[in-house]
Amino acid sequence: MKISSIKGFTDIFPGEVEVWQAVEAEARRIFAAYQFAEIRIPIVEKTELFSRSIGEATDIVEKEMYTFEDRDSTSITLRPEGTAGVVRAYVESEMHKVEPVRKLYYMGAMFRRERPQKGRLRQFHQIGAEALGRSDPLIDAEILLLLGDFFRALRLSEPSLQINSLGDAACRPGYREKLLAFLRQKKDLLCANCQRRMERNPLRVLDCKEPGCVAATNNAPSILDSLCGPCSEHFAAVQRLLSETGVPFTLNPRMVRGLDYYCRTTFEWTTTQLGSQSAVAAGGRYDGLVEQLGGPAIPGVGFALGVERLTMLLRMQERAASPGPALFVVWVGEKARDWAFPVIHRLRQKGIAVEMEGEGRSLKSQMRRADKLKAVKVLIVGENELASGKVMLRDMASKQQEEIDLAGIETRLLSRKAS
Ligand code: HAM
């Protein structure tokens, strides 16, 4: 009997995995440069952690969580995101007592029971980062610079950055009332979901993608006109820092995000290339969350990016070609084979990706295989080459061949990493 995978839960096969590994390696490199350290948090947490932090009146908590009763009747949930778990770990371990400023990153699977479609899965993967303990606008900008550097390192021409400020406990209630007064007048034009949720969470209506709701809220008051002095200054500083460091952005006062813990700076890196699932990375500031989860009043800001969406974009922009071996050794005759075997072993020990075949197939078939594997260079060795002490090194892209000396060949290949 064939057993299929669960809808929205996918396998990631060789060919694709290499792209993931390249993304993860680049992320680790950039996190190290920006001084973020890795944290590994559990995949399952108590349900109340998510309902309290993400918010009861959000899509995630209302209908997308995988929640189970454990054998001891505790309600547990597969993590739908990483921020809540990181903050829980930070509070529970009392990290803040040793050093309140912590820059942490994580990578891993998240679970949301959404309707699967292109770029939207039920098990998906995030690479995320949380900076705890800093309220200054520099860290907001730093996180955006980090993401900008990351996309640039991956040679992506998109996504582009949209930012907004959601204000804080001083100014958001005033805006909420203003918006609610506006929405009450338009109530009949809103979708059923927005009508139901609008009194509890009016800002969510601005994020609804239903055409009726978009049209009805076209002239809704902008949160940016309601920011208090400190929020306004903070947001102006973030914008100034981005401009000074050359990170282009647009203001989107309708961007409210799908989680309730945000305040002040919020952002999304979006692309036009993935249809409706346009957000590749998103995040913002969440100054009240540590306190809400039982810790001291410590601010936080962070982001998460969707690895499936990112790798899809890399493939669409043809930035994802997984590289073949740096060198493929084609050998003819047993003597050449016996010469090649220890040589490639030593090259591999030095970290060079090298491949050779084990059976004595024809030169033509071996060349075909090198081509299929997308080898960068091919070294051709036969008994004549061994006798003359010279071998052919062929560049597969340019088709140019050069004759190189057998003596010291490893040093030669290593010195230019066989490229
Ligand atoms: P989020 O906007 O819910 O934020 O998710 C971040 C990213 O995860 C999205 O932009 C998207 O790329 C990806 N993503 C979300 N849901 C799915 C899905 N069903 N399938 C595929 N990809 C998906 C958060 O999760 C916050 N914790 C981000 C954050 C960190 N804010 C502050 N710190």
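The model is a predicted one, in which local features need pLDDT of at least 70, side-chain atom pairs count only at pLDDT 80 or more, and totals for chains, interfaces and linings use all residues. Residues are numbered from 1 along each chain as its sequence is written, and side-chain values use heavy atoms, with hydrogens and water left out.

Two further side chains can be followed in the same way. For Y262, an N or O atom of the side chain is 2.6 Å from a nitrogen atom of the ligand, while R257 places a polar side-chain atom 2.8 Å from an oxygen atom of the ligand. On its own the ligand has 650 Å² of accessible area, and the protein covers 96% of this (Shrake-Rupley method, 1.4 Å probe; for residues, only the protein chains shown count as cover).

Around the ligand there are 27 residues, of which E81, E114, E130, R257 and Y262 come nearest; a residue is near if one of its heavy atoms lies within 4 Å. The shell comprises 13 nonpolar, seven polar and seven charged residues, where Ala, Val, Leu, Ile, Met, Phe, Trp, Tyr, Cys and Pro count as nonpolar, Asp, Glu, Lys and Arg as charged, and the others, Gly among them, as polar. With six residues, β10 gives the most to this shell. Strands are DSSP runs of E with at least two residues, and helices are runs of H or I with at least four, numbered from the N terminus.

Turning to the cysteines, the structure holds zero disulfides, a disulfide being a pair of cysteine sulfur atoms within 2.5 Å. For C213, the nearest cysteine sulfur is that of C191, 3.7 Å away. C213 counts as buried because its relative accessibility is 1% (buried means under 20% relative accessible area, exposed over 50%, partly exposed in between; 1.4 Å probe, protein chains only).

Elsewhere, K187 lies in the loop between α7 (172-186) and α8 (192-197), and K187 is partly exposed, at 33% relative accessibility.

Conventions
Polar contact = N/O pair within 3.5 Å; in protein donor to acceptor, adjacent residues only side chain to side chain.
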